[in-house]
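Have the model open as you read.

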There are 2 protein chains.
Amino acid sequence: MVKKQFKLESTGSLMDRAFLTLQESFTVEQAVQHVRNNVENKTNIHYLYVTDADGMLKGVMSLRELLSASGELPLSAVMKTNVKSLPTDLDQEKAAKIFQKCDFVSMPVVNEFRQIVGVVHVEDILDVMEQEATEDFHKMAPVSSLEVSLKDAKVTTLYRKRIVWLVVLVFMNVFSGAGIAHFEDIIEANIALVFFLPLLVDSGGNAGSQASTLVIRAMAVGQVRMTDWLKMFTKEISVSILLGVTMAAAVAGVGMFRGGPEIALVVALTMVAVVIVGSLIGMSLPFIFRKLNLDPATASAPLITSIADIVGVLIYFSIASTLLSL
Amino acid sequence: MVKKQFKLESTGSLMDRAFLTLQESFTVEQAVQHVRNNVENKTNIHYLYVTDADGMLKGVMSLRELLSASGELPLSAVMKTNVKSLPTDLDQEKAAKIFQKCDFVSMPVVNEFRQIVGVVHVEDILDVMEQEATEDFHKMAPVSSLEVSLKDAKVTTLYRKRIVWLVVLVFMNVFSGAGIAHFEDIIEANIALVFFLPLLVDSGGNAGSQASTLVIRAMAVGQVRMTDWLKMFTKEISVSILLGVTMAAAVAGVGMFRGGPEIALVVALTMVAVVIVGSLIGMSLPFIFRKLNLDPATASAPLITSIADIVGVLIYFSIASTLLSL
């Protein structure tokens with residue numbers, strides 16, 4: 001028989017093709033005998049799948065359930081008929097979610113005729129979960145999907161996987177530069193403003209990175225859904241106001257010392273504003289990416305930082321222009 | 001019997017206390033009968049553990065192996081005596097690693113007398129893996145360990161979990177400001193330098209974030225160990241030179257347009273330097289944290305960004321001072 005090719009990272013390519021089925025016409029005693037005679041070379045038999053004469057999946061029982069049943073009963077009286085199965089083309093990440101929810105150690109994979117064609121074991125799901133978490137970590141680096149071990153990856157491979165995002169971020173940062181250039185006069189008149197530039201724009205980026213990472217992970221494990229956006233947004237407003245005010249208090253003293261009361265006021269107001277705006281951008285971007293059918297994990301800390309930089313520069317020098325030219 | 005209290009996140013607190021043991025003096029037929037009579041209320045029986053009269057773990061077999069053995073044999077002739085077991089105080093993350101390597105669906109937990117006290121099931125290991133990955137994601141946010149669902153977390157809880165790292169990062173960024181203040185004269189004389197400040201310091205931080213995230217994840221899954229530091233460092237030098245030169249080429253044109261040939265040269269040289277230094281810091285910090293017995297995941301993108309900012313400011317204005325005052 002020619003082996004059918006299944007999609008990469010699908011249940012079809014993950015499944016084990018060695019499994020044991022029982023005819024639904026068997027009695028329990030016949031089934032026990034059949035298992036005893038046929039399990040020799042099959043490891044990993046935890047559930048027994050019951051099929052009809054056409055190989056269609058009809059029921060399931062565990063070895064334990066088979067053993068505790070009376071020998072003369074037909075299997076159809078013992079088996080559970082409500083069998084959860086997986087299609088062959090299911091994404092392995094979705095399969096992992098189903099395993100987590102259902103607490104099975106194996107699940108049958110069926111074709112379009114509901115014939116059992118393989119079994120996915122939880123041992124393989126452990127590897128899938130590790131692999132999927134690694135993919136998410138790498139997206140947040142951000143680096144393109146790295147299929148090989150970091151230790152064994154070639155220099156040119158690492159270069160290719162990393163350069164794309166770095167250059168994208170460079171060009172985003174050019175906008176921050178353009179923003180700064182726009183405010184050249186106010187900067188020349190108040191050079192002390194430059195001292196606080198990294199501090200303020202980074203703080204917006206940091207608060208935003210926290211918010212995006214929390215949402216990305218909560219989405220990945222299914223705690224947060226698209227419909228939770230408004231609730232999360234409202235909560236983020238409260239949290240970010242508290243964060244912004246605390247951080248403004250922390251830097252106001254430094255602002256006083258380095259630039260006097262007017263600069264201190266500009267720095268403190270900017271801090272509150274950039275933390276709120278950065279947090280709301282960081283919190284919303286994973287939702288926006290998902291809405292656009294992109295992976296929410298694309299809202300990586302460096303991407304949020306670059307966006308927060310642009311917005312931060314505009315907020316900072318706008319506040320400075322308004323307050324310092326009075 | 002009073003239930004012993006086990007450490008949080010240990011095998012002792014994770015294990016199932018319902019399990020089935022067989023006396024090693026049983027024959028296979030007696031064992032099958034014993035299983036048939038006793039499995040009723042115990043789900044999750046995949047392996048049968050064989051003990052001596054004192055309850056000490058002597059051997060293991062699967063239900064499948066019991067069924068395929070001849071009924072008159074003693075269990076001691078059928079069981080595997082090489083039983084892998086877990087101590088009660090093992091960290092659940094380490095237990096998950098063992099499950100991944102060994103491909104078991106359950107493992108026995110033994111006390112100091114090698115008496116079996118419980119069984120850890122792979123279904124619970126799935127949850128452990130998700131929980132541990134979430135902890136790593138949160139460290140990289142960086143936020144302090146969040147024990148509740150993001151959706152249900154109170155505003156004040158989120159505030160407390162996020163503010164500590166944000167304030168730490170603010171005070172680190174004050175150093176960047178101090179660095180800039182030190183170079184006030186060169187900035188006043190060449191205000192165009194300010195346009196490229198976010199671009200250059202962010203690029204160092206972005207390259208560093210990539211490097212640290214890759215290493216943190218590779219350490220978490222066991223691909224990279226402490227002894228690999230030199231190999232990784234050498235490779236990072238090559239990768240970061242390639243990245244730095246590419247990014248310098250990308251910004252040299254912008255530098256030319258906005259500031260003329262001298263500024264373009266300063267910007268391009270700075271870019272190469274900050275990308276190399278940022279990458280090497282990002283790659284090394286997880287190793288340093290592990291050496292200090294801290295979690296490598298503490299080397300989060302925002303922390304790397306803040307360190308890269310300080311170093312980037314110093315590199316940028318040092319190069320500018322040297323080249324522009326000629």
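A word on terms before the pockets: the domain bounds used here come from an automatic or database domain assignment, and a residue counts as lining a pocket when it has an atom within 4 Å of one of the pocket's grid points. Keep in mind that this is a predicted model.

In chain A, that assignment gives domain 1 (11-126) and domain 2 (155-324). Their C-alpha centres are 52 Å apart. So where does the largest pocket lie? Both of these chain A domains give residues to its lining, so the largest pocket lies between them.

Lining this pocket are 24 residues, and A:Glu93, A:Lys97, A:Met219, A:Ala220 and A:Arg290 are the ones nearest its centre. Helix H5 (92-102), helix H6 (122-140) and helix H10 (197-220) of chain A are the elements that give two or more residues to that lining. H5(A) has the largest share, with seven residues.

Over in chain B, domain 1 (11-120) and domain 2 (155-324) both contribute to the lining of the second largest pocket, so that pocket lies between them. It has 22 lining residues, with B:Glu93, B:Lys97, B:Met219, B:Ala220 and B:Arg290 closest to the centre. At least two lining residues each come from helix H5 (92-102), helix H6 (122-139) and helix H10 (197-220) of chain B.

Here are the volumes and the lining by class:

| Pocket | Volume | Lining by class |
|---|---|---|
| Largest pocket | about 750 Å³ | nine nonpolar, two polar, 13 charged residues |
| Second largest pocket | about 610 Å³ | nine nonpolar, two polar, eleven charged residues |

Methods
Residues are numbered from 1 along each chain as its sequence is written. Chains are lettered from A and ligands numbered from 1 in the order in which they are written. This is a predicted model: local features need pLDDT of at least 70, side-chain atom pairs count only at pLDDT 80 or more; totals for chains, interfaces and linings use all residues. Side-chain values use heavy atoms; hydrogens and water are left out. On a 1 Å grid over the protein atoms alone, a cavity is a set of points where a 1.4 Å probe fits but cannot get out, and a pocket is an open set with protein on both sides within 12 Å along at least five of seven lines; lining residues have an atom within 4 Å of a point. Grid points are joined across faces, edges and corners, and a volume is the space filled by probe spheres set on the points. Helices (H or I, at least four residues) and strands (E, at least two) are DSSP runs, numbered from the N terminus. Ala, Val, Leu, Ile, Met, Phe, Trp, Tyr, Cys and Pro count as nonpolar, Asp, Glu, Lys and Arg as charged, and the others, Gly among them, as polar.
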